[in-house]
Amino acid sequence: MARGIAQEVNPYPGLGPFQDRDEDRLLFFGREDEQVQLLNLVLSERLTLLFSRSGLGKSSLINTALLDDLRKRNYFPVVVRLTNDPVGGPIGSVYACIEREASKCSVQVDTPSHQDSLWEYFCGTKCSRNGQVLRPILILDQFEELFTVIRPQKDWEKTFANQLADMVRGRVPEGILKEKMEELERLPEGDPQREQLVSIVYGDIAPDVRILISMREDFLAELESLRDQIPGIFRNAMRLEPLKMGQARRAIELPSQQAAVLGNDTFTFGPGVVDAMLGFLSRQRMGRKLAAGDTVEPAHLQVLCHHLNSQRRKNKATQISIEDLKGTRGMKRIIGNYYRTVILKFPRLRLGWNSCRYNPSAINLLLFNRPRSAIRKLCEHGLIAGFYRNSLMVDVIKHRYGVPERDLSDLVNERLLRTEPRLGSQFYELSHDALVEPLIMIRRSKRLAQAIAAAAVFALTYAAATYVVVREGHRKFDEEQIQIALRKAQAAATQQQDDADQELREGLSQDQAMNWDEALKYYNSALHLYISLSDRRGQASVYDHIGSDYTCKYQYSEAISNHNKALEIHNSLQDIKAVGDDQMWIGVDLSREEHHGSALKYFIEAEGVYQTLGSEDQKAGQAWTLREQGYQYILLGDTEADSAARDKDYSISETRLNQSQSFYSQLEQPEPGAWAVAELDLGVLESNRGDYGRSKDLIKKAWDILHDNGDLYDESLASLYLGLALFRNGNRADAFKSYQAALSGFQKIHENRLTASTLMRIAQWHVEQGSCDTEGLEDASKAIRLAEQAKDQYTVMNAESIRAEAYLCAQSPQNAAEDAKRGLDDSIKLGSKSWQAVNLAVLGRVAAGNGDFQSAIENGQKAVDLYDLSFDATSATALRADLNRWKASLAANGGTNQTVKKEN
């Protein structure tokens, strides 16, 4: 194959991906649903993860289906391949790809003068085309190269991961934050630069950029190492599956009819051809047999179609017939011989100098060179590193392997290789991972053949001369070796089991010390060992411990994922009690994510499981599940708009909690602490109903028991709710003491979520006492920061509302209005009527202070109605007094705001 290769368009690219070209978009079929799904994921959140097995078409989906859709929506998508840039490492490769794509697409990119980090770069970069502002989207394709290519440079991998995390989480980099805080402290009050610095230090400044990570799923375990920096890295994820039969049929039939690309070279498939191809391509190995499946590998489909279309062209036919397939054997030969077919197009010998020039070798005999051997050596050795593809620079290929650029160009046209510009040069690699395994097998078979040929004569002679003499000795020796190997294997398995158990014990030890991150390292190590031992029970145990640690780290999505894995294994092992426990923990995590309806379903399922157990386990399990159900019904009742529906939920809650206490009382070894937690929930229920006196009595009774029998968590929780009951009963001094006790307990056990909730209540106490501009604002701000760290949106909403009241009390109406608006939006989203009332009351009082009595009355009346629904008579009475004054002021000025504002 010298220079006469036909350049007609083949609608099937073989092993190479479809490209970002209009003609390729017209030929790409079968992934319409995935196209919509991926576009919606990318547009919905800042970070998206796309993963699949190798060969399923991630790059093709991005190039043909995603990029053009994003550009039509005024986005600027940039496909990035991470490299070991000699100057900037992988971060430098991001900048280089953006510059190259901007030049290609005529996009103007205005970059900041300081770009020491990705966060700075994207915060200050403006992209536009023809005056239209474009939002950048980074598409990190082949992201697994961060672990295979970049990893040897440890600092580069860590630096890139940290900077990526800063962008995804909208977090100001630590170095920049420290620098801006120092600069802020130096500036005097009133300096115009302070506002900008405050927005950086305390605000929510995030780069306006979205990120898509595309990678092979066999590297997902490596991605686990980035969870600490990017906790939600798996949350917005899409797994690309093989083509279903209908999708595969479209991918075969429709490209052949695209006259806009093929011109007069369109063609058809004869009767039964597509069905035969799908039957062959969908076969799956089941043990030693092949059976019909329901999915197709896109790489195999493209290779088969590419070859059949090439043969059709040679025959100058307009249809591919059933005879062209040559049965199952013929199609199998096409798939297996793709590499050999391309290699055979190159001549064995070629007259003239090749790339090695004056460096004679086995493939470069001065004026004679061997192109086919040079390409084999390049593909079978140079472009494979271990079990993965390797990329080589064009100069290295030319001078080390003797393959000239004209041959490389032909190999790219044949889709055996792919090329791309990097680091100011051209790099080449195998077009697809599907080629790696066949090439390794070819390489091994060649070495084996050479070894066999070299040793054949000696081996035969030696075997004939010594067969009789050593036969018996060999038999005994083989038996001894087998026994030795068995003993070694047993010892190794025993040692591995001991190592796994020891790692698990180390993790438990770290759990007791509340070192969650260290515990997770030990648990992950134990998990890998249990997997290698096929110890399913050990794996399930580790998944449960990992889930519990993620719960302690407030990473509830990850906790649910691991408990689900444990649940799947326990179901397969038919470990009924463990199944119930897993369902319980999933419910607890869902509840903490404010998914109370879903949590309730898991608690009900767990109750059904526990009912099948023995007497004691049944009572303990049902007591636990009924208590959790009761608490969920309290939370669901809080969000009901209809009073009848709310009362119904509260009634169910009371029944469940009383049943729970009954089961706890029947246990052979009573659990007074657990019984008291149910009593505590009953106290919370009475508080929500508006009976604060009974609520105080129930919670005080629960606190007395928990103080002596419960753990510090339950005791602190009771202190918090007792403080709330005392506060609502008007006993402010005792309420403050109870809040302080709760705060001390939660801080000791590093319970940030409830520490934030307690600080919020203390801030509310300070506001009522008039300590607005000091303790009130400070505690509310601390509560917001801790609640954000714990991802507790409910407490963030509460603390924003309290801080709004503190700002109002501190004579800072603008800040009060801003916090109240945020708090109102959050309280509407979360369905909290009591906090909607608080924020509306603040907005009403701010409006009245500005002389806008019409808005004040409107917001105030809404707040009074909501206070009544929330049984907060004290707040409703105080606000009604304000409403009467505002109405009187408005009436005194003729029912308009104009005169009032002028006087103010």
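N236 is buried, at a relative accessible area of 7% (buried denotes under 20%, exposed over 50% and partly exposed in between, with a 1.4 Å probe and protein chains only). The model is predicted: local features require pLDDT of at least 70 and side-chain atom pairs pLDDT 80 or more, whereas totals for chains, interfaces and linings use all residues. Residues are numbered from 1 along each chain as its sequence is written, and side-chain values use heavy atoms, with hydrogens and water left out.

N236 sits in the loop between α10 (220-223) and β7 (237-239); helices (H or I, at least four residues) and strands (E, at least two) are DSSP runs numbered from the N terminus. The side chain of N236 forms a polar contact of 3.0 Å with that of T48, and a polar atom of the N236 side chain lies 3.0 Å from the backbone oxygen of L41. A polar contact is a pair of N or O atoms within 3.5 Å; within protein, one must be able to donate a hydrogen and the other to accept it, and residues adjacent in sequence count only if both atoms are side-chain atoms. With residues up to four places away in sequence not counted, N236 touches L41, S44, E45, L47, T48 and L49 (heavy atoms within 4.5 Å).

The second largest cavity is lined by 9 nonpolar, 1 polar and no charged residues (nonpolar: Ala, Val, Leu, Ile, Met, Phe, Trp, Tyr, Cys and Pro; charged: Asp, Glu, Lys and Arg; polar: the others, Gly among them). β2 (75-80), α5 (118-124) and β5 (132-140) each supply at least two lining residues, and β5 gives the most, with 3.
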